[in-house]
Amino acid sequence: MDSASYLRHLGREHAEFRACLDGDLSAAVEHCGDWTPYDLANHLGGQNHWAAAAVTERRGDHTVPAAPRERTALVGWFEDSCAALTRALDTDPLTEAWTFHPPPTAGFWQRRRCLEALVHRWDAENALGTPGPMDAGLAAEGVAEVFDTMVPRQRSRGRAQPPASALRLDATDTAHTWTYGPGVPVARVSATAEDLLLLLWGRARDDDRAYVWEGDRRAGRLVLEGPLTA
């Protein structure tokens, strides 16, 4: 995807997340510990400001006060964070920026923030019982990001070791394929790009009927233990 596509998707994901703030802010967010939609908004909005500073100020130590608790104030705060991020990212993707993984460019954040919003929009909607679909192409980009960015980050921070064998993942709706691990894959798992992304981010179980396994499933599941993402 190009930067214009990321920005379009980012705007849509932000708008859909913001709509969730009209719902139950105390609902439990599955897969995110004891978080609620308020905590998701606090996290996503705070990270929006952090990423904006990474581009405009080229630094990674920007801090943001916690989001307000009152609903109207929270919504305004979140919308302001989205606007700040959009302004910062509406630039040449080759613009120099601080990043936590190569490349050190604004383009890194165009992709990263779009995919962060995608997953947390799903989290918020799922908490409210109304998880909407993901764009298939964007979800496939999210799967790629897990392997080219998130996994190397986990390893560099000492949180994960390379797998002993390889697993192949096939996206049934986009025809994308990925192989993670050394050598010939010991197993293959097939599903939509959305379902593969949810699996890699720990939002779904690999024994769900959405996943079709071939080969040594036990060995394949070990490859996914990672942890692959933060």
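Colleague: Which helix gives the most to the lining of the largest pocket?

Modeller: H4, with 6 residues. Bear in mind that this is a predicted model, where local features need pLDDT of at least 70 and side-chain atom pairs pLDDT 80 or more, while totals for chains, interfaces and linings use all residues. Residues are numbered from 1 along each chain as its sequence is written, and side-chain values use heavy atoms, without hydrogens or water. Helices are DSSP runs of H or I with at least four residues, strands runs of E with at least two, numbered from the N terminus.

Colleague: How much space lies in that largest pocket?

Modeller: About 330 Å³, counted as the space filled by probe spheres set on the grid points, which are joined across faces, edges and corners. A pocket here is an open set of points on a 1 Å grid over the protein atoms alone where a 1.4 Å probe fits, with protein on both sides within 12 Å along at least five of seven lines; lining residues have an atom within 4 Å of a point.

Colleague: And which residues are closest to its centre?

Modeller: His43, Glu116, His120, Trp201 and Ala230, out of 17 lining residues.

Colleague: Switching to the sheet: what's the strand order?

Modeller: S2-S1-S3-S4, an open sheet with mixed pairing; strands pair if DSSP finds at least two bridges between them.

Colleague: How do S3 and S4 run?

Modeller: Antiparallel, joined by 4 bridges. Ala187 stands opposite Gly215 in S4.
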